[in-house]
Amino acid sequence: MKGVEFNARVQRIPVYPAAKTWDYEGELIQLASNEAPWGPLPAVVAALQGEIERLNRYPDPGKTALRRRIADRCGVPVGHVAVGNGSCELLMSAADALLEPGAELVYAWPSFSIYPHVAAQSGARAVEVPLDADGRHDLDAMAREVTAATRLVLICNPNNPTATALPLAEIEAFVAALPRHVAVILDEAYVEFNALQDPDDSLDLVGRHPNLVVLRTFSKVYGLCGLRVGYAVGPEEFRLAVDRVRQPFSVNALAQAAAAEAIRHQDEVTRRVEATIVERAWLEVELEDRGLSTGESQANFLWVGLGDREEEPVVDGLAQRGVIVRAGAALGDPGHLRVTLGTRHQNERFVAALDDLL
Ligand SMILES: Cc1ncc(COP(=O)(O)O)c(C=O)c1O
């Protein structure tokens, strides 16, 4: 588009550091994007097939059936549930609805790599507050950054990429002490894997704090990231605002049907969480045996410290052996690997590739 001038905002928006794709002639082990290692349940596949016949129709703009199922599962009124094209869309729409030039957005860093985009696309000032020495949110330091200009605080619990989680009581005390003009989004993409709390506990917080929104996703434990569905539970005003700033049909019909079916299978969620926690404990020990540190993980991935080893040769060496993990440098903290927990076979392939390499 020679001669065309893009607006100044575009220059400020960082390019999302998506995981690289690699050519590998063998079984590629993908442990870079915190995805579930399992394909969709047969009942979800059946729901998708049923929907295919109707693809000549637009999806339900109200996402009614899915929102009702989420509301039932979460024990909240359906009006308090917003559904997005991935939880990322809800984050971006929240930015659109709440932020503007001159406003401030506070979040911890390193944290989910989309947060800098949330600020940049709105023109708001990003206030990044370093994690503490254990890779946890430093809520006291975050509270000190809140000003009259702060419109939104993001808390990622468990945090991506460090996998740490804070006790919910600390988060509640932080939210309760904030001035009322500040909205809080509690990003709980990995909440199901967090052994420190029951996933339902944070939903209770929403009823007690009118400026709090809990954000969740079907991309992780439900294994539907290819379809893009996330949801928010919060005040009805939040849903109405995000619905105004995005296109009405943003969540496609297949995504709505699959998520509405997947949420009915809580027994499968429990099974997946248990399997992941078993792998988490297994891989932590394997890595420790090799002198590699992992902090305490409450998620479906490990944040592995490489000590004084250089990160890039490790990431590339693993990729050459068909194992894809995320380099810490791309996520804000070099000297680390972020490794998604896969099946035992996949995790063993990762360990074998490490042994070969180191
Ligand atoms: C903390 C966090 N929030 C949100 C998401 C995005 O999820 P979605 O696929 O629902 O957009 C991710 C995905 O990696 C994440 O790590």
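Predicted model: local features only at pLDDT ≥ 70, side-chain atom pairs only at ≥ 80, totals over all residues.

Colleague: Fine. How many helices and strands does the chain have?

Modeller: The chain has 13 helices and 13 strands, and its C-alpha atoms fill a box of roughly 55 × 55 × 50 Å along the principal axes.

Colleague: And what about the radius of gyration, given 358 residues?

Modeller: The chain has 20 Å, which agrees with the value near 21 Å that a compact globule of 358 residues would have. Buried residues make up 44% of the chain, and if you take the contacts with a separation of 6 or more, 73% of them join residues 24 or more positions apart.

Colleague: On to the inside, then. Which residues have the most contacts in the largest nonpolar core?

Modeller: That core has 66 residues, and those with the most contacts inside it are Ala 94, Leu 152, Ile 185, Ala 232, Ala 258 and Ala 259. Its largest share, eight residues, is supplied by helix α4, which spans residues 86-98. Apart from this core lies another one, of 27 residues, including Tyr 190, Phe 301, Leu 318 and Leu 337.

Colleague: You listed Ala 259 there; what does Ala 259 touch?

Modeller: Leaving out residues up to four places away in sequence, Ala 259 touches Leu 66, Phe 218, Leu 224 and Val 229. Ala 259 is also one of the buried residues of helix α10, and nine of the ten residues of that helix, residues 253-262, are buried, so α10 is largely enclosed by the rest of the structure.

Colleague: Which are the buried ones in α10, and what do they pack against?

Modeller: They are Leu 254, Ala 255, Gln 256, Ala 257, Ala 258, Ala 259, Ala 260, Glu 261 and Ala 262, and these buried residues pack against α2 and α3, the latter being residues 64-74.

Colleague: Is Gly 50 buried or exposed?

Modeller: Gly 50 counts as exposed, because it has 11 C-beta neighbours inside 10 Å and the cut-off for exposed is 12 or fewer.

Colleague: Back to α4 for a moment. At what angle do α4 and α9 pack?

Modeller: The angle between α4 and helix α9, residues 236-245, is about 90 degrees, with the axes 8 Å apart, and that makes α4 roughly perpendicular to α9.

Colleague: Which residues meet there?

Modeller: From α4 there are Leu 90, Ser 93, Ala 94, Asp 96 and Ala 97, and these meet Ala 241, Val 242 and Val 245 of α9. Sorted by class, this contact has six nonpolar residues, one polar and one charged.

Colleague: What about phi at Ala 163 and Arg 228?

Modeller: Most residues other than glycine have a negative phi. Phi of Ala 163, however, is positive, near 70 degrees, and Ala 163 is placed in the loop between β5 and α7. Arg 228 has a positive phi of about 70 degrees as well, and its place is the loop between β7 (212-217) and β8 (230-233).

Colleague: Are those two buried or exposed?

Modeller: Ala 163 is buried, with 26 other C-beta atoms within 10 Å, and Arg 228 is buried with 21, where the cut-off is 20 or more.

Colleague: Last one: where is Pro 199, and what is it in contact with?

Modeller: Pro 199 is found in helix α8, residues 199-208, and is partly exposed, with 18 other C-beta atoms within 10 Å. Leaving aside neighbours within four places in sequence, Pro 199 is in contact with Val 191 and Glu 192. Pro 199 and Cys 74, which are 125 residues apart in sequence, are 9.3 Å apart from C-alpha to C-alpha.

Methods. Residues numbered from 1 in each chain as written. Core = buried A, V, L, I, M, F, W, Y, C linked by C-beta atoms within 7 Å. Helix = DSSP H or I, 4+ residues; strand = E, 2+ residues; numbered from the N terminus. Contact = placed C-beta atoms within 7 Å. Axes fitted to C-alpha atoms, helices over the stretch in contact; angles between N-to-C directions. Parallel < 35°, antiparallel > 145°, perpendicular 65-115°, else oblique. Nonpolar A, V, L, I, M, F, W, Y, C, P; charged D, E, K, R; others polar. Rg over C-alpha atoms; globule rule 2.2 N^0.38 Å.
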